[in-house]
Amino acid sequence: MTADDIARRFAERGYIGGEELSVALELMLALEKPLLIEGPAGVGKTESAKVLADVLQTRLIRLQCYEGLDAASALYEWNYPKQLLRIRLTEAEHESVEERESEIFSEAFLLRRPLLEAILEERAPVLLIDEIDRADEAFEAFLLELLGEFQVTIPELGTIRARRRPAVILTSNRSRELSDALRRRCLYVWIDYPSVETEIAILHARLPKINARLAEQIAEFMRQLREQPLQKVPGVAESLDWAAALMRLHRDELDERSIAQTIGCIVKVQDDWERLRSQRPSAPAESEPDYGIGSVRAHRG
Amino acid sequence: MADLTRSVLAFIKLLDREYGFELGHADAHDALAAIHAIGVRSKRRFHHALRAVLCSQSEQIAPFDRAFDRFFGNASQGQRQPRPPQTKAGNEHHHSPLGGRREIHDEPSPAQAWQAMRARFSPVAATTDAQPAISENGLGKALVDASRLIAALHLGRSRRWKPHVRGSRLDIRRTLRSSLRSGGDPLYLRTFGHPRRNPRIMLVIDASRSMAEHAPKLLQFGYALSRRSTRARVFVFSTALTEITRALRRLPQDRERAILLSGETWGGGTRLGTALRDFAKTYQSRIDADTLVVIASDGLDAAGAGELREALRRLHRASAGIVWLNPHVRAPGFTPTARAMQAALPYVSALLDISDLRAVSEAAHALRR
């Protein structure tokens, strides 16, 4: 699948990404290497994996990382209650210790977690390892074998190789520096906030009924908002939520009232809210309505 | 194709030698495989493909684009990644296998380019040629100070529950697992507890002219911290903020170390407020209750104190504490009258003298939870 095919199929599904992402995804599929996607929150990193799974008509297996995530939650775990039950039930059968062990440490007693699931899948799935920066460094080290060789070692069962190499996408918000070893095993792409033009295209793709002027105003407003020193900079996800909220309220244009009613869709920290209020120009120009962070100049074309 | 292969290998060598990319045979193999997969009909895609394979972090994107333009001609124009202004020292062009033009002669070394760029584009840049170096002299003491700081920084226990030898909550899963050894009888109880927090240290060094005298000592301390802890990060700023942790970690350990900084980071004017605001904004997700922020600056800032106050307020709220190192604290009759220092004081846990780095560990000790 070429980068053009990927971009077209993504666009058909409402995902407007840059050429860099399409090329990186093409390479990921061609070279069978994991792709590490970094970028600020809310720019579509996770969504790209979901759309890719849809494009490839395959299963999306997602591993959401968090501090304290361990191999038992990510890879596999023995079903201890079932093993205990089997020991109790077979106590009278006088099996040897070896026989018992081989029985209770077999695949029937294995609980598959996302990583093992992805390796054992018959049809290559898309494996999304989301927010890898939230996981501990120990877990990152554990991932190396998987991402390098696409195999895992279970002491009781031996080494299991992937039947089909999954398409692996890792995302990171850069809350922690990832190790060089992990980065070296991955292709890399950085997704930034979209340009005004791209954001307008995204709004139209995801909300086909949106008024063209409203879409332009939202995109321009978001561009200005992202230049402010906010604690939580809104991403594309917030733009879409905001646009949907404004459409729901039957607003075809941004004005002070509609912004005040819906600002909670994009500004989610009280300090940021105060900052925007304090920066409101005292005497906005009559021809350009004041949207709180300076007037929006979206009257292009 | 052989020409293209040679060009790509030469480009990788350039990235490795002059831009500090640390690339090996596996990367070269991947780059050639990527080009084979993507083709060379579009120069822009060729650029995207090489970038996806050869870059591994966002900080490498701008240097990569510069190197690509330098080697293959200006193919990365129109990219979204903002790039610093380029110096155009050479004008002898060569045709590349891709049909583009290569500028390979008379290209300034990174040090020359950096100097020229400062002179041309920075209204407040200095003209000093001195590259800051980390000397052996006093390094031992800096390492001791760094170790002492790391040891003194105890920020209590995490709220997370993790397997613990003498924890307070029963871990049923591990208890069951261990009971398999005793025929199903839970003889060995396993527990969860709260692990100790693993503190991070972020050292932010003011690299302006007024601090030039203290730069070697601070860099030495930053180097010592980066040697002693993987959770220490070092930044420098004058008119722009740059992280140098990786550069410090790559320095050889057996001889005099000069650190080459590109951009307007060393010896220029001070934009303290802007730099700390950028720091607080860029690294906001990495600064949390486990993070000690150490700022080394004389607090002399040409701009107003509003930005600085805002940045420090954010850092103060997010971090475990802020320690400020000022070279004038021990001067007779010192009072923090500079506007920046006045703005900073309400948010600073300790204001210390730069010459006494040992005191930083005592300040860290005072933050013990």
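## A salt bridge within chain A

A:E117 and A:R59 form a salt bridge whose closest N and O atoms lie 3.4 Å apart; the term denotes a side-chain nitrogen of Lys or Arg within 4 Å of a carboxyl oxygen of Asp or Glu. The pair links distant parts of the chain, 58 residues apart: A:E117 sits in helix 7 (residues 114-120) of chain A, and A:R59 in the loop between helix 3 (45-56) and strand 2 of chain A. Helices (H or I, at least four residues) and strands (E, at least two) are DSSP runs, numbered from the N terminus. Over all chains, the structure holds 39 salt bridges.

## Basis of the values

This is a predicted model, in which local features need pLDDT of at least 70 and side-chain atom pairs count only at pLDDT 80 or more, while totals for chains, interfaces and linings use all residues. Residues are numbered from 1 along each chain as its sequence is written, chains are lettered from A and ligands numbered from 1 in the order in which they are written, and side-chain values use heavy atoms, with hydrogens and water left out.

## Interface of chain A and chain B

Contact (heavy atoms within 4.5 Å) involves 51 residues of chain A and 43 residues of chain B. The two chains bury about 4,100 Å² between them, 46% of it on carbon and sulfur atoms; buried area is the accessible area (1.4 Å probe) that two parts lose on being put together, summed over both. Ten salt bridges are found across the interface of chain A and chain B. In a salt bridge of 3.2 Å, N to O, the side chain of B:R177 meets that of A:E156.

On the side of chain A that touches chain B, at least two residues each come from helix 1 (3-12), helix 2 (19-31), strand 3 (76-78), helix 5 (80-89), helix 9 (180-184), strand 9 (187-190) and helix 14 (270-278) of chain A. Helix 2 of chain A gives the largest share, eight residues. By residue class, this side of chain A has 21 nonpolar, six polar and 24 charged residues. Ala, Val, Leu, Ile, Met, Phe, Trp, Tyr, Cys and Pro count as nonpolar, Asp, Glu, Lys and Arg as charged, and the others, Gly among them, as polar.

## Strands of chain A

Five strands of chain A form an open sheet in the order 2-5-8-1-9, with parallel pairing; two strands pair if DSSP finds at least two bridges between them. Strand 2 (60-64) and strand 9 of chain A are at the edges with a single partner strand each, so one side of each has no neighbour in the sheet. Neighbouring strands of this sheet are turned by 20° against each other on average, direction ignored. Axes are lines fitted to C-alpha atoms, for helices over the stretch in contact, and angles run from 0 to 180 degrees between N-to-C directions.

Strand 1 (residues 35-38) and strand 8 (residues 167-172) of chain A run parallel and are joined by four bridges, with A:I169 in strand 8 as the bridge partner of A:L35. Strand 6 (residues 151-154) and strand 7 (residues 158-161) of chain A pair in the antiparallel sense, also over four bridges. These two strands form a hairpin with three residues between them, and A:Q151 has A:R161 as its bridge partner.

## Sheet and helix in chain B

An open sheet of six strands in chain B has the order 9-8-7-11-12-13 and mixed pairing. Its edges are strand 9 (241-243) and strand 13 (350-353) of chain B, each with a single partner strand, so one side of each is left without a neighbour in the sheet. Strand 12 (residues 321-326) and strand 13 of chain B pair in the parallel sense over four bridges; there, B:L352 is the bridge partner of B:L325.

Helix 8 (residues 215-228) of chain B lies across strand 7 (200-206), strand 8 (232-237), strand 11 (291-296) and strand 12 of chain B, and runs at about 160° to strand 7 of chain B.
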